[in-house]
Amino acid sequence: MPTESAVRIASVSPDLLGTYGDKGNAEVLRQRLRWRGRTAEIVTVTGAVPTGCDIYVLGGGEDSAQVLAAQRAARPPGLRGAVERGAVVLAVCAGLQILGERFAGPDGHDHAGLGVLDLTTTRRVRRAVGEVVATPLVPELAGTPLTGFENHGGATRLGPTARPLARVESGVGNGCGQGTEGVVAGRVVGTYLHGPVLARNPALADLLLEWAVGEPLPPLQVPAVEQLRERRLRPRRRLPRLNRSTP
């Protein structure tokens, strides 16, 4: 992908998938590029998803809104077409679920996902709510714990062609009793972490950006972000891992 032209960041259905402030992830990506002297723009998508953007960001939302967002994203040319073209995608919570093969809707029935990720989501017996700390399983993020806030009723099981983003140290994560959080498949990252997740995890934001621009980015130090991370991580590191056997 071009490195000199503006990086186009698509905020997909923020009117439907914006319950937890996840549209802030697009702002984080744009600002981290601007701090490095690069041009970036946010494209707000409230209809069919175009394939010409470099990064696509989806957030969390209510059950009924999730179904509508999935229907939008499936309209041609669709989000799947962007992924096949090589675009980078960050999908949070409901966004993660609709990229899978199927997910549980508000009517209690399964709804078809986009089939971008090899995963399925069913209902948990107990809703997962609270802070999460997880150890990344992606080599590029090694040594950098992930932190965020989860609020979901889904139990997401990964298939053989998907790998987990991280191992849960405290919290629930994917909720299938496997102790995993999120998913990575090619240039697509899914997670249950809110916060927004990229504001709380700048290393993850920079990894997505490097995938999009096709080259390493120079280091960027933002003291306020590091102070926030330390405050979030310090108390959670002392907690024991939770029993996640109940889906």
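**Exercise 1.** In this predicted model, how many cavities of 30 Å³ or more are there, and which residues lie nearest the centre of the largest cavity?

*Solution.* Start with the count: it comes to one cavity of 30 Å³ or more. Next, the volume: the largest cavity takes up about 30 Å³. Ten residues line the largest cavity, and Gly175, Cys176, Gly177, Gln178 and Gly179 are the ones nearest its centre. Finally, sort the lining by class: seven residues are polar, two are nonpolar and one is charged.

**Exercise 2.** Find strand E3 (residues 55-58) and work out which way its side chains point. Which strands is E3 joined to by bridges?

*Solution.* Take the side chains to begin with. Ile55 and Val57 point one way from E3, while Tyr56 and Leu58 point the other way, and all of these residues are buried. Then check the partners. Strand E1 (residues 7-12) runs parallel to E3, with three bridges between them; here Tyr56 in E3 has Ala10 opposite. Strand E4 (residues 88-92) also runs parallel to E3, joined by four bridges. In that pair, Leu58 stands opposite Ala91 in E4.

**Exercise 3.** Locate Thr19. Is Thr19 buried, exposed or partly exposed?

*Solution.* First, trace the chain: Thr19 sits in the loop between E1 and helix H1 (24-34). Its relative accessible area is 39%. Buried needs under 20% and exposed needs over 50%, so Thr19 counts as partly exposed. Next, its contacts: setting aside neighbours within four places in sequence, Thr19 touches Gly60, Gly61 and Glu62.

How values were computed. Residues numbered from 1 in each chain as written. Predicted model: local features only at pLDDT ≥ 70, side-chain atom pairs only at ≥ 80, totals over all residues. Heavy atoms only, no water. Buried < 20%, exposed > 50% of the residue type's maximum accessible area, 1.4 Å probe, protein only. Helix = DSSP H or I, 4+ residues; strand = E, 2+ residues; numbered from the N terminus. Pairing = 2+ DSSP bridges. 1 Å grid on protein atoms, 1.4 Å probe; cavity = no way out; pocket = protein on both sides within 12 Å on 5 of 7 lines; lining within 4 Å. Points joined across faces, edges and corners; volume = space filled by probe spheres on them. Nonpolar A, V, L, I, M, F, W, Y, C, P; charged D, E, K, R; others polar. Contact = heavy atoms within 4.5 Å.
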